[in-house]
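Hi,

Here is the structure I promised to pass on.

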Amino acid sequence: MMKGRSRRDRRIRRAGIVSVGKYMPPTVLTNRDLEEIVDTSDDWIVERTGIRERRVARSGERQSDLALKASREALARAGWDAEDLDMIIVATVTPDYIVPSSANTLAGKLGAIGAASSDTLAACSGFLYAMHQGVTAVESGRADRVLVVGSELMTTITNWGDRSTCVLFGDGAGAILLAPVPEPLGVVDMLLGSDGRYEEVLRMRAGGSAFPASHETVDKGWHYLEMEGPEVFKLAVRSMLQVSSTLLERNRIKPSRLGCFIGHQANLRIIEAVTKRLGLKPTQVYNNIERYGNTTSATIPTCMYGAEMEGKIKKGDWVLLVSFGAGLTWAGILLRWAVGRLPRLEEKAGLPSDTAVDTYPDRLKPGRDRQER
Ligand code: ACO
């Protein structure tokens with residue numbers, strides 16, 4: 001049963017982010033490495049996307065393993081125990097299984113027995129949709145301590161023969177903790193939306209009930225992501241701009257007051273188009289796409305982690321988080337950063353250490369499925 005307050009005690013209160021954690025698999029796949037896999041070039045990828053390298057999980061490593069490491073770090077930095085959690089929400093398009101949810105698996109691995117746990121599926125907007133759910137639970141008094149995770153093994157649903165998509169994605173996980181915080185800190189406004197008419201521009205056809213996995217779906221490559229890149233690009237700029245402007249205008253916040261803008265890391269050119277039109281300075285924008293590529297639901301929490309670690313977000317700063325994704329879905333959250341500098345875990349005490357492996361997992365074998373779609 002979900003922990004929390006009784007209905008009588010509930011009232012609207014502020015929810016804020018009180019800790020962040022991140023885990024990136026140590027194995028790096030550079031653009032030069034990709035030149036060995038598909039007909040592409042470092043120059044093309046950097047110029048068209050801003051990506052230089054991405055991370056790849058090793059064979060046998062699961063999405064819940066990445067989520068676990070990011071979550072443990074967030075918990076350790078806040079000094080919370082997993083048993084204290086009321087609710088765990090995992091945003092992912094690459095769950096370990098369809099049944100049970102990744103959040104269930106994560107709860108078990110963490111030892112968060114009794115916490116409510118479920119997944120949120122909204123593609124690249126998944127993390128902000130999940131955060132919306134967690135914030136609403138804290139604001140209403142239904143939960144006091146919520147873990148929200150964005151975690152992906154995108155390299156498992158990437159067609160390593162399709163140069164138009166395989167250069168974009170990477171693996172990784174980010175986690176945040178939500179709790180009540182005093183006003184004026186915490187989440188000030190949230191906006192979610194979708195337009196389901198665009199499902200064909202970005203999708204993975206097989207594996208659900210419409211096309212259960214079969215020899216035929218595998219032969220057709222329907223277990224990989226398919227995307228009409230240029231169409232998605234236009235829709236992404238339009239929706240991210242709209243969400244950002246609406247949130248800023250209705251809260252009477254001038255763009256110049258933003259301490260940090262974090263947009264979904266799908267393409268540096270998309271982020272630059274949006275932030276330029278908003279009139280933001282580069283110093284107000286935090287990106288990690290250059291190092292990690294598009295990690296889908298992990299982009300926003302891992303950027304928050306980087307910005308916090310590098311001292312680019314300080315207590316009281318206005319922060320705008322904006323995303324878009326398949327569906328089409330979009331989301332934005334405007335908040336005031338609620339905590340001062342969080343402890344750095346020098347040795348990541350209690351967390352398993354990692355060493356990079358210099359061979360890539362089988363799924364990336366050069367030439368596999370080359371240009372087969
Ligand atoms: N290397 C070299 N050439 C390439 C590559 C590559 N990796 N990929 C495509 N090309 C070629 C194309 O074949 C095409 O060649 P042609 O002119 O001879 O036909 C040319 O480059 C231009 O292709 P476009 O698709 O028009 O290139 P564009 O500038 O649009 O960039 C990209 C493609 C990077 C995919 C871009 O459209 C994009 O970023 N789109 C949005 C992606 C996105 O936001 N996805 C959503 C998030 S994912 C989620 O929600 C799960």
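Let's start at the ligand: helix H8 gives the most to the shell around it, with five residues. (Helices here are DSSP runs of H or I with at least four residues, strands are E runs of at least two, and both are numbered from the N terminus.) Before you read on, two housekeeping points. This is a predicted model, so local features need pLDDT of at least 70 and side-chain atom pairs count only at pLDDT 80 or more, while totals for chains, interfaces and linings use all residues. Residues are numbered from 1 along each chain as its sequence is written.

Back to the ligand. Of the 24 residues around the ligand, Thr40, Cys124, Gly229, Ala266 and Gly325 come nearest; a residue is near if its C-beta atom, placed from the backbone, lies within 6 Å. Helix H2 (42–49), H6 and H8 (229–250) are the elements giving two or more residues to this shell. By class, the shell has 14 nonpolar, eight polar and two charged residues. Nonpolar means Ala, Val, Leu, Ile, Met, Phe, Trp, Tyr, Cys and Pro, charged means Asp, Glu, Lys and Arg, and the others, Gly among them, are polar.

The shell draws at least three residues from each of domain 1 (11–185) and domain 2 (187–336), with bounds from an automatic or database domain assignment. Their C-alpha centres lie 14 Å apart. Across the boundary, 48 residues of domain 1 are in contact with 44 residues of domain 2, contact being C-beta atoms, placed from the backbone, within 7 Å. On the domain 1 side, H5 supplies the largest share, seven residues.

Cheers

Notes. Two residues are in contact if their C-beta atoms, placed from the backbone, lie within 7 Å.
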